[in-house]
Amino acid sequence: MIDAIPAVLLWAVTLWRARSAFRRPERLSLWLAFAALAVAMTVRPVAIASAVDEHLHVTNLSFLIKHICGTVAAASVLTFVADMAESKTGMRVSRLYKAIPVVTVVLLASCFFATPQPHEVDDLLADYADHAAILAYGVVWTSYLGAALLSATLLCFRWGRRPDSGLVGRGLILVGTGTTVGLVYALHRVAVLFIDYVGNSPLGESVNHTLSTGLLFLALLLIVLGSTLPAVPRVLARVRAHWQLVGLYRLWRTLTDAVPETRLDAPPSRAADATNPLRTHDRLYRRTIEIRDSILALADHAPAELRGRAYDHATSLGFIGAHADITTEACWLAVAREERLRGAATGSGEPLPPASGGRDLATEIRALTTLSTAYRSRATQDFLRAHLEETPA
């Protein structure tokens, strides 16, 4: 079960980043790194690895797949960090890192297929440690991984410590910490490989496996956290916008049901609206416009006398200042809506509600959220009830 956690986490990040990666090519290398790591961690559990090998009819092929994916991931992380360093700081980075992974993959495949493998094993490098080709395989794999991680670590810390790097810099520091842990993982694997080849392991296979697994998981976690840190403000802004969208649904639906011509599209159910994650900012902007257009239309059913009574009602309850104004607007809006639904004639001579012009979108959303709360308050419902009792249908 614990082996599935990194795979699920990596696939989630891969899917989340897919759209932006293909729309912005400079992010493609980082997406490829997560995709490769997701595949590698998916085939890592023994049960899945055995199923893959059986399906493809090649003994222990899952190990080669996993290590090639690891090579691609390391190369992609290094490419991402190097490209970022060049674009932000003008540092020149050697382009050999683009050719070396290809050579590494060819060498891994050559060593793998050169080794007789009569049966499935839990750990290719440990169980076939007495074969020279597998020893070479392990040296090539861990050497490239270590070199790539060392280069990425140096670049991350070099650029991440710049005073003007902001959240991106902090993210690179986390990524660099993760690649440092990954470097320790690679060194540990090299040490275990040579110790197993000699045939004398002081810690034992289970301890070595637990230690390498822990280092690998920690490295992946830090890299994921570091790469997503710069996106945190955008994610929080989207979550906040969605929360505001959901919060305005009731007021929006209540008012636009009375003035349906202000709606651009057919209204979704509350559940469908709340669970739709798409175009959140656009929908929120449109919702504020439709609410204000509905208020403009309903203002025709709110003569000065009604507004005066609404203000007196608000002040009689102890509301003052802005609280009195927002309660007044909620009260006459509730009455105007009922009059609109009754089909009452318009002609108040005061088509405009309290002015909202000049507000930015954030201020307008806060004002409408406050209005929504006031509209559902007991003060507004009492005012509406008293009005309906005085003017029965």
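Start by selecting T256. At 0% relative accessibility, T256 counts as buried, because buried means under 20%. Keep in mind that this is a predicted model. T256 sits in helix α10. Now show what surrounds T256. Leaving aside neighbours within four places in sequence, T256 is in contact with T262, R263, E290 and S294.

Next, go to helix α15, residues 361-375. Which residues of α15 are buried? Colour E364, I365, A367, L368, L371, S372, A374 and Y375: these are buried. An α-helix has 3.6 residues a turn, so residues three or four places apart point the same way. Then display what lies over the buried residues of α15. Their cover includes α10 (232-258), α12 (280-298), α14 (321-342) and α16 (378-390).

Move to helix α2, residues 28-42, and repeat the check. The 15 residues of α2 should span 21 Å at 1.5 Å a residue, and the end C-alpha atoms are 21 Å apart, which agrees. How many residues of α2 are buried? The count is 11 of 15, so α2 is mostly covered, with buried meaning under 20% relative accessible area. Select them: S29, L30, W31, A33, F34, A35, A36, L37, A38, A40 and M41.

Select L9, L218, L221 and L225, which make a nonpolar surface patch of about 310 Å². Which helix gives the largest share of this patch? Helix α9, residues 205-228, supplies 3 residues. L9 lies in helix α1, residues 4-23. At 36% relative accessibility, L9 counts as partly exposed.

The unreviewed UniProt entry annotates "transmembrane region" at residues 28-52, 64-84, 96-115, 135-160, 172-195 and 215-236. Pick two of these spans and compare them with the model. Residues 135-160 are 100% helix and 0% strand, and their end C-alpha atoms lie 36 Å apart. Residues 215-236 are 86% helix and 0% strand, with end C-alpha atoms 30 Å apart.

Definitions and conventions: Residues numbered from 1 in each chain as written. Predicted model: local features only at pLDDT ≥ 70, side-chain atom pairs only at ≥ 80, totals over all residues. Heavy atoms only, no water. Patch = residues over 30% accessible without salt bridge, like charges linked within 9 Å, V, L, I, M, F, W, Y side chains within 5 Å. Areas by Shrake-Rupley, 256 points an atom, 1.4 Å probe, with all protein chains shown as cover. Salt bridge = Lys/Arg side-chain N within 4 Å of Asp/Glu carboxyl O. Helix = DSSP H or I, 4+ residues; strand = E, 2+ residues; numbered from the N terminus. Buried < 20%, exposed > 50% of the residue type's maximum accessible area, 1.4 Å probe, protein only. UniProt positions renumbered as here; feature names shortened; annotations may be inferred. Expected span 1.5 Å × (residues − 1). Contact = heavy atoms within 4.5 Å.
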